[in-house]
Amino acid sequence: MTLEEYGALSTEELSARIRRAKDEKRAVILGHNYQVPEVQVLADYLGDSLRLAQLATETDAELIVLCGVWFMAESAKILNPDRRVIIPSKDAGCPMADMATAEGVVRLKEQHPGVPVVSYVNTSAEVKAVSDVCCTSANAVRIVEAVEGDTVIFVPDKNLGAYAASKTGKNVILWKGHCYVHNMFVPEDVELARGEHPGVPVVVHPESPPDVVARAEFAASTGGMMKLAEEHDELIVGTEIGLIERMNREFPEKRFYPLSAFAVCRNMKMTDLPRLAWALEHEEYEVTVPEDIRQGAERALARMLELS
Ligand code: SF4
């Protein structure tokens, strides 16, 4: 069957095929919090990048299906070289990850000899391989704090790097990358949301610009936002809307308001049920990483997991 033919199947038929193929192949489906709701409900585990990386080291499944963007599937493969890892949409890249190259990072290291490189997991395996340690939005502050010295090179998100600098007091040399979804938030979004929902606390993702983070009560990864959703009856949420769909499903009695209804990551939405069913039944698209690069990237990821 072609992918187009899968697209003509009903949601029930696709869900049944996915469950059947998952059992037959001893597969686990790991889904990021920004996935479309139909994929979220079929995932065995949902989480942020840190949780997905941890889950990838804990699973004994024979096949890992990563519903997210490319660097997440690559990280799962780096941590599980002996398991097959597939991603349903091979075009689901992360534009922020594409803003950094290994050659550029090496040049920056040469300009700042001895300064450790902390790379966000939103990077290619090649960039991870030339980094000292990785981080996620959940542990960036802890990792920047933990690496030796007062100066750190941070790649590629300038906003998350600036946030880590503000929390640690370290001198952080920033790569000038950004996430197009979070970087579009402006302080007026916070003021407007507060006007519409007086008294409701605001949480934003630390990939947001510093003047937006400064106006919010909380800055948190999507995993941290889920914890806040447990603790509050209402929340204004500044991140990709997929997370708000998860919050509404898991806490139907509570109220969550998007900071912007336009905060949609097109790349995360490339995975849908027809693609997931097709990918599982055909075991495509397989993720591979050259062994020399994998080993370097694994060292940086393992160091992050040790420090987390
Ligand atoms: S939300 Fe931003 S950082 Fe996450 S995958 Fe999309 S572009 Fe990349």
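What volume does the largest cavity have?

Analyst: Happy to walk you through it, with the reminder that this is a predicted model. The largest cavity has a volume of about 260 Å³. Its lining is made up of 24 residues, and those closest to the centre are Tyr 34, Asn 122, Cys 179, Glu 207 and Met 268. Sorted by class, the residues around the largest cavity comprise 13 nonpolar, eight polar and three charged.

Two helices stand out here, as helix 4 (49–58) and helix 5 (70–79) each contribute at least two residues to the lining. In terms of class, the second largest cavity is lined by eight nonpolar and two polar residues, with no charged ones.

Now to the open side of the story. The largest pocket contains about 250 Å³ of space. Of its 14 lining residues, Asp 48, Arg 51, Gly 223, Gly 224 and Lys 227 are the closest to the centre. At least two lining residues of the largest pocket come from each of strand 2 (45–47), helix 4 and helix 12 (222–231). Helix 12 contributes the most to this lining, with four residues. By class, the largest pocket is lined by four nonpolar, six polar and four charged residues.

Helix 6 (residues 102–111) has Ala 102, Gly 104, Val 105 and Leu 108 as its buried residues. Viewed down the axis of helix 6, these buried residues fall within an arc of 160 degrees, so they line one face of the helix. On the face of helix 6 turned away from that buried side are the exposed residues Glu 103 and Glu 110. The packing partners of the buried residues of helix 6 are strand 5 (117–120), helix 7 (125–129) and strand 7 (151–155).

Technical notes
Residues numbered from 1 in each chain as written. Predicted model: local features only at pLDDT ≥ 70, side-chain atom pairs only at ≥ 80, totals over all residues. Heavy atoms only, no water. Buried < 20%, exposed > 50% of the residue type's maximum accessible area, 1.4 Å probe, protein only. Arc of directions from axis to C-beta. Contact = heavy atoms within 4.5 Å. 1 Å grid on protein atoms, 1.4 Å probe; cavity = no way out; pocket = protein on both sides within 12 Å on 5 of 7 lines; lining within 4 Å. Points joined across faces, edges and corners; volume = space filled by probe spheres on them. Nonpolar A, V, L, I, M, F, W, Y, C, P; charged D, E, K, R; others polar.
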